[in-house]
Amino acid sequence: NQKKEISPILITGVWRSGTTLISRILNNHPDLEITFDTVHFMRFSFNKYNPIHKRKNVIKLINDTRKRLLDRYDLNISSKDVLKIVNKKYNYQTIYDALMKVFLLKSNQKKTWGEKTNLVWTKIPDFFRMYPKGRVLHIVRDPRAVLFSWKKFTQANGNDYLDSILNSYDSMNKALLYKKVYKNKNYKLITYESLVSNPKLIVKSVCKKFNI
């Protein structure tokens, strides 16, 4: 059963919370290839090409992803290769897996793909429904630090940077819920503060939880 065998990694949190840092650390693992700020499947594609069982919608999803990667990052993937892996199994799980395999795993010997994409903690339940054996790393940071960092980083107009507080609040609330709901799943919650103060300990705990 393909659904039981696939165990990709999703890394998410708010902007300026350490998602890029932990994704780059884990990307050094010999079996893991983790992208960041490129595909954004759970943000841009998931549930936005319905009905997904229709071939024309599958092709549009794949081509839209290909165009976005090419236009924004000058990265080229083969729609034909993605469709070959999908092999008429038209659902979001299979398409996501095919896209990431072609994008990340085609040119190396690594075994597992992962994606770091911010602001998708509300999609964690959907990710687990697609990949029951999937692994989710959710990182949170002191909202005051997020606000200060985001204000310096963002080009948003006026006081729009204040949205980072609301995002942090929602991410933390969801994290408390997910810790209970997914206690028997591969869900791992970490804090930015613990990561930067004791990276070795935190990375070891992540690897132990995810069995990597």
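Predicted model: local features only at pLDDT ≥ 70, side-chain atom pairs only at ≥ 80, totals over all residues.
## A buried ring to start from

Phe41 is buried, and its relative accessible area is 0%.

Phe41 has an aromatic partner, Tyr92. A search through the whole structure turns up 14 aromatic pairs. In one of them, the ring centres of Phe41 and Tyr92 are 6.3 Å apart and the planes meet at 75°, so this pair is edge-to-face. Phe41 belongs to helix H3 (residues 41–44) and Tyr92 to helix H6 (residues 92–105), so the pair ties together parts that are 51 residues apart in sequence. Tyr92 is buried too, with a relative accessible area of 7%.

## The aromatic cluster

Which residues form one aromatic cluster? The members are Phe41, Phe46, Tyr92, Tyr96, Trp113, Phe127 and Tyr131.

## An enclosed strand

Next, look at strand E4, which spans residues 135–140. Here 6 of the 6 residues are buried, so the strand is largely enclosed by the rest of the structure. Both of its faces are covered: Arg135, Leu137 and Ile139 lie on one side, with Val136, His138 and Val140 on the other.

What are the neighbours of E4 in the pairing of strands? E1 and E4 run parallel and are joined by 4 bridges, with Leu10 standing opposite Val136 in E4. E4 also pairs in the parallel sense with strand E5 (residues 186–191), over 6 bridges. One place to look is Arg135, whose bridge partner in E5 is Asn186.

## Around Gly18

Gly18 sits in the loop between strand E1 (9–12) and helix H2 (19–26). Is this residue buried or exposed? Gly18 has a relative accessibility of 11%, under the 20% cut-off, so Gly18 counts as buried.

Leaving aside residues up to four places away in sequence, Gly18 touches Ile139, Tyr192 and Leu195. Ile139 is one of the buried residues of E4 described above. As for Lys183, 165 residues from Gly18 along the chain, the two C-alpha atoms are separated by 23 Å.

## Charges over rings

Tyr192, a contact of Gly18, also takes part in another arrangement: the charged end of Arg141 sits over the ring of Tyr192, 4.1 Å from its centre. Arg16 lies over the face of Phe153, at 4.2 Å from the ring centre.

Note on methods: Residues numbered from 1 in each chain as written. Heavy atoms only, no water. Helix = DSSP H or I, 4+ residues; strand = E, 2+ residues; numbered from the N terminus. Buried < 20%, exposed > 50% of the residue type's maximum accessible area, 1.4 Å probe, protein only. Contact = heavy atoms within 4.5 Å. Phe/Tyr/Trp six-rings, centres within 6.5 Å; stacked < 30°, edge-to-face > 60°. Lys NZ or Arg CZ within 6 Å of the ring centre and 35° of its normal. Pairing = 2+ DSSP bridges.
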